[in-house]
Structures are given as C-alpha cells and as structure tokens.
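Hello,

Please take a look at the structure below. My notes on what turned up in it follow.

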Amino acid sequence: MAHIHIEKAKIGQKQTQLLVIGIFENEQDFVQSKELDPVIYSTIKEIFHNKEFQGTFGSIVIIPTMNKGPMKKIMFIGLGEKEKFTTESARIISGKSALKAKELGIKEIAIFPFSNAEECLLEAISEGINLSLYSFNKYKTINNDEVSFSNKPIHVTILVNSDVTRFQSVVDKASLIVESVNFAREMGNLPPNECSPAQFVSLASSVADRYSLKMRVIERYEMESIGLNGVVAVGNGSNNPPKMVILEYNGNQQDQRPYLLVGKAVTFDTGGISLKPGDKMDEMKFDKCGGCNVVAIMKAVASLKLPLNVVAIIPSVENMPSSNSYRPGDIIRLYNGKTIEVINTDAEGRIILADALAYGIATYHPKVVIDMATLTGACIIALGANVAAMIGTNKELIERLGKISTKTAEKMWELPLYEEFYEQIKSNVADIKNIGGRPGGAITAAAFLSNFTEGIPWIHLDIAGPAWTQDGTHDRSYNPKGATGFGIRSIIKLLMEDNYTPS
Ligand code: BES
Ligand code: ZN
Ligand code: ZN
C-alpha cells in the first residue's frame with residue numbers, strides 16, 4: 001500500500017522523483033509554463049507540437065529534467081476526451097501512473113489531480129493507486145523486482161491548492177477501504193490447499209482480534225444439533241469439516257437492528273457427486289470470494305468506526321465427491337424447517353446460503369439483508385464477466401445500490417424475480433428443489449434463496465463474473481489478476497449512508 005499525502009504546492013515547486021500530470025486530448029496548451037524551467041518547457045512544447053503525445057486515454061510520455069527543476073522526471077498521461085472523463089477514468093489513470101512508477105522502480109511520486117479537485121476525484125485517485133499496486137506474491141520464492149517492490153511502501157503526494165485537511169481525510173478513508181479490498185483479494189487468491197474452512201475461520205479471526213469484533217464459530221456438531229443441515233450436507237464430502245463464522249460489529253449505542261451480510265465461502269467447489277468438468281476447475285478456489293468480501297467489509301466497517309450495527313455470517317465448506325458426500329436425490333430439512341430436494345450437488349452455494357440466511361434472520365432480526373456469492377455460471381451467461389446481478393425483494397434498496405454502483409464502477413444490474421421463476425424450482429417430493437433448469441439460472445437461484453429471507457428487505461449479489469479476473473474480464477489498471485474484491489466498495493458506501501429504515 002502506498003502512503004498518500006495531500007500537499008499544497010504549485011507545479012514547479014514540488015521536489016519529487018516523478019511528477020505526474022494528466023493532459024486531455026486536444027488540450028495540450030501547457031498553461032503553467034511560467035512555473036517551469038525554460039529548457040524543460042521548450043522540450044515539452046516540442047513533444048506536444050510534434051504530436052508525439054496527444055493526450056489519448058492512457059498514453060504516456062516521460063521527460064527527464066536533467067536537474068533543471070525540483071522534479072527528476074515529468075510523466076504526462078493522456079486523459080482522453082474531456083467530456084468523457086469520469087471518476088472511473090481517474091481510477092484507471094492513477095492506477096496506470098502507479099504501475100508505471102512501479103515498472104520504473106520509482107518509490108516516490110507526485111500527482112496533480114486530473115481535473116478540479118473534488119472529494120470524489122481525490123477518492124478515486126487514491127483508490128486507483130492502491131488497488132493497482134496490489135499483487136499476490138505470497139508463493140513467489142524468487143525475489144524478483146515485482147516482489148521486492150511490492151514489499152516496500154511507496155509515497156504518493158497529491159498536489160492541490162486548497163482544503164488540504166479535508167482532502168487528506170477523504171484519502172485516508174479511501175485508503176482504509178482499499179486496504180480491506182486488498183485483504184479480500186489476498187484471502188480470495190489463496191490456493192484451496194491452504195484455505196480450508198478451518199483456515200478461512202482463522203483468517204476471519206485475525207480480523208476479529210484486530211478490531212475487537214465479537215466472533216463465534218459454529219462447528220459441525222452444533223450445526224447438526226440446531227438444524228443447519230444444509231451446511232452439514234454440503235460439507236460432508238470433505239475431510240475438512242464445514243464451519244460457520246459469525247462476526248458482530250456494534251457501532252451503534254442504541255439497540256438498532258443490524259445489517260446482516262451473508263457471504264458464500266466454498267473454499268473449493270468440485271461440484272461434488274455432480275462433478276464439474278476438469279477444464280478451469282482450478283478457478284473454483286475463487287468460490288470463497290463472497291465470504292472473503294464479507295469479512296473484508298467487516299474489517300472496513302470496524303476500521304472506519306461506522307455508527308451502525310452489522311452482523312456477518314459466512315458458511316464455509318469444501319464441496320467434494322466422496323462416499324460421505326450428499327447426493328442428487330437427497331432431501332434435506334434446512335434451518336427454517338423448509339425441505340429441499342437436491343437435484344444437483346453442484347448447486348451447493350444456495351443451500352449453505354439458505355441456512356445462513358434463515359439462521360441470521362431468526363437470530364439477529366436484521367433490518368436489511370445482503371448476500372454476496374459466486375453463485376451461478378448462468379449469471380455470467382446473462383450479464384458477462386464484468387457485471388454482477390442484483391436480485392431482491394426491495395425496490396428502494398436495489399435502486400440505492402444501483403446508484404452507488406455507478407459511482408464505484410462496480411457494475412451491477414437488476415434481474416427480475418418474477419413469480420414465474422418460482423414454478424421452476426417446485427419439487428415433487430419436497431418444498432423446493434435446488435435447481436430450476438437452464439433458463440434464467442441466476443434468477444431461479446435467487447428464487448430459491450428468497451424462500452429463506454422471511455420477507456426482510458434483501459439484496460442478493462451474484463458476483464460469479466466480476467469476483468475474479470477470468471475469460472471476458474475487461475482490462476483495468478486497478479484490477480490485477482486474480483480475486484478483485486468486487487462489491488466491497490459499494491456495500492461500504494451503502495452502509496456509510498445508512499439512514500435507511502425499511503417501510
Ligand atoms: N460456484 C458455482 C458457480 C460458478 C461457476 C461461478 C462458474 C463462477 C464460474 C456454483 O456452485 C455452481 O456450480 N453452479 C452451477 C449451478 C447449476 C448446477 C444449476 C452452475 O452455475 O453451473
Ligand atoms: Zn457448484
Ligand atoms: Zn459454487
């Protein structure tokens with residue numbers, strides 16, 4: 001993580017290894033010319049004049065100053081067309097700048113905000129920097145440049161001409177949130193042999209310890225005795241027993257009803273007896289990303305000391321084929337008493353989530369429930385690899401999250417939970433069955449879950465596409481390969497603007 005400081009300084013004053021300046025297309029007039037050494041200024045003019053740099057989005061030119069100024073090098077980075085520039089562009093451009101500095105081995109840079117300094121712009125710039133600098137190095141024993149660079153902090157100064165204190169606090173908050181996103185990525189990227197449900201629990205407990213969160217782990221024997229039979233069934237095929245983690249954050253003195261966050265943490269999904277094909281099965285280590293993200297949200301909520309109550313429940317299992325596995329045809333009674341018929345053991349996520357939702361709602365009486373899960377391949381077919389599906393029962397909540405997601409650029413799109421979809425999951429022998437056929441697969445999965453949300457305002461986020469970088473993922477500077485931590489920034493924003501009382 002970079003240390004980011006806000007400083008009041010003019011363009012020609014800042015002593016730095018690399019000064020980053022954004023330039024819009026067709027706006028290469030270098031207005032602050034008077035502040036620069038005449039030799040540097042004429043070099044720049046020459047480059048612009050010769051059209052060697054035209055400000056196209058993401059293009060870069062670096063000019064060494066030969067000790068003719070307080071900065072060692074100046075980097076111009078293209079911002080594209082002015083009218084198209086958004087906070088997401090700022091995220092991408094600052095990410096690219098940080099990655100360029102990393103490539104050059106430069107550990108200290110200064111950046112001019114690319115447009116009028118506003119809180120959302122400064123926030124996006126700091127997000128771009130710290131999200132892009134993350135890389136998963138835990139298992140690299142060869143100490144190459146990449147690894148050694150990532151191990152040392154880099155210093156970034158953002159130069160403004162007013163409101164230093166206000167902007168510093170914006171940047172500090174953003175950094176805390178990104179630290180959580182990177183924590184979720186690190187957890188999500190762990191290989192399945194090093195992240196069993198027990199290991200998942202110990203990572204969650206490191207967060208609980210650090211921020212004094214209340215934590216409880218429900219073990220298999222207790223699941224059996226209280227009726228969390230879905231989690232038990234799905235976890236049965238593995239030698240690594242299932243666990244259910246509960247984290248509680250109390251930031252509200254009054255006994256306000258909490259938000260309940262539920263995350264799917266299948267540490268590895270082979271499909272079980274309904275075994276998946278081998279191709280890309282390794283990617284199913286990312287089937288724990290919903291759970292990782294929920295743990296990370298708790299870390300952020302606690303580090304930001306938000307004035308509200310939040311409970312997180314994360315059922316964690318490994319879905320394996322063995323003689324102890326649950327089977328197609330099994331009928332299971334879940335926590336709220338409803339029975340389900342298992343048609344396909346690869347539709348395991350909805351089963352463990354259903355138990356966790358029902359348990360969480362009965363135990364904590366939340367005012368809002370949000371679940372996050374890499375739930376269906378069908379979601380990727382419907383919306384592609386870059387968009388999460390939002391499905392739920394509360395229009396207002398969905399609208400709010402939808403608006404937030406356009407600002408965070410964590411793309412989310414609502415899919416309709418029409419009555420007809422419930423027909424597809426009717427079972428001949430139990431209350432419902434765990435798959436509804438191929439049509440609308442992401443929605444029938446949500447219809448299944450809604451049987452366990454007891455009418456509480458609820459949003460289900462299917463993050464099967466954007467949870468990690470995969471086939472079809474759009475390239476973005478700030479999303480390095482692997483787990484992305486998708487959705488964390490949006491959910492935290494939703495919690496930060498907590499003034500929601502369900503009708
Ligand atoms: N974890 C998968 C969903 C998934 C698949 C996410 C590929 C991301 C990429 C989930 O447990 C699953 O296997 N779902 C099945 C459901 C089907 C059997 C109804 C699927 O989507 O194929
Ligand atoms: Zn599965
Ligand atoms: Zn799964």
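D269 bridges two zinc ions, ligand 2 and ligand 3, which lie 3.2 Å apart. This is a predicted model: local features need pLDDT of at least 70, side-chain atom pairs count only at pLDDT 80 or more, and totals for chains, interfaces and linings use all residues. Residues are numbered from 1 along each chain as its sequence is written, chains are lettered from A and ligands numbered from 1 in the order written, and side-chain values use heavy atoms, without hydrogens and water.

D269 sits in strand β10 (residues 265-269) and D346 in the loop between β13 (339-341) and α10 (349-364), so the two tie together parts 77 residues apart in sequence. Helices (H or I, at least four residues) and strands (E, at least two) are DSSP runs, numbered from the N terminus.

Now the zinc ion (ligand 2). D269 (OD), D346 (O), D346 (OD) and E348 (OE) coordinate it at 2.0 to 2.2 Å. Donors are N, O and S atoms within 2.8 Å of the metal (3.2 Å for Na, K and Ca); water is not among the atoms, so sites may look incomplete. Along the chain, the spacing of these donors is D-x76-D-x1-E.

How accessible are D269 and D346? D269 counts as buried, at 3% relative accessibility. D346 counts as partly exposed, at 22%. Buried means under 20% relative accessible area, exposed over 50%, partly exposed in between (1.4 Å probe, protein chains only).

Elsewhere, F448 and F452 are both buried.

Best wishes
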